[in-house]
Amino acid sequence: MLTELKTGPRVVGVKQTRRAVNDGRALRVFLAQNADPNVTAPIEELCTQHQVSIQWVDTMREMGTACGIAVGAAVAALVKA
């Protein structure tokens with residue numbers, strides 16, 4: 001699943017992911033299990049409302065690496081091209 005984040009069009013971060021979900025561009029949202037629940041819970045709820053699938057990732061570092069950034073990421077989304 002993380003290979004999709006490495007190769008496909010994506011957005012990283014809470015604000016961009018929220019915007020992608022609200023705009024109907026998000027195909028799947030990735031959330032880090034070790035991220036602060038205050039960060040991930042609102043995105044998880046938004047995905048439920050908009051019927052966007054959620055994929056949990058073990059660590060923020062793992063997600064950041066998959067997204068090609070040097071820091072960890074709590075939230076990312078695979079988006080329509």
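**View 1. The side chains of strand 4 in a predicted model.** Val-75, Ala-77 and Val-79 point one way from strand 4, while Ala-76 and Leu-78 point the other way, and all are buried, where buried means under 20% relative accessible area, exposed over 50% and partly exposed in between, with a 1.4 Å probe and protein chains only. In a regular strand the side chains alternate between the two faces of the sheet. Because five of the five residues of strand 4 (residues 75-79) are buried, this strand is largely enclosed by the rest of the structure. Helices (H or I, at least four residues) and strands (E, at least two) are DSSP runs, numbered from the N terminus. This is a predicted model, in which local features need pLDDT of at least 70 and side-chain atom pairs count only at pLDDT 80 or more, whereas totals for chains, interfaces and linings use all residues. Residues are numbered from 1 along each chain as its sequence is written, and side-chain values use heavy atoms, with hydrogens and water left out.

**View 2. The strands that pair with strand 4.** Strand 1 (residues 10-12) runs antiparallel to strand 4 and is joined to it by three bridges, pairing being counted if DSSP finds at least two bridges between two strands; Arg-10 has Leu-78 as its bridge partner. Strand 2 (residues 26-32) also pairs with strand 4 in the antiparallel sense, over five bridges, and here Leu-31 stands opposite Val-75.

**View 3. The two sides of helix 3.** In helix 3 (residues 37-50), the buried residues are Thr-40, Ile-43, Leu-46 and Cys-47. The face turned away from this buried side carries the exposed residues Pro-37, Asn-38, Glu-45, Thr-48 and Gln-49.

Note on methods
Expected span 1.5 Å × (residues − 1).
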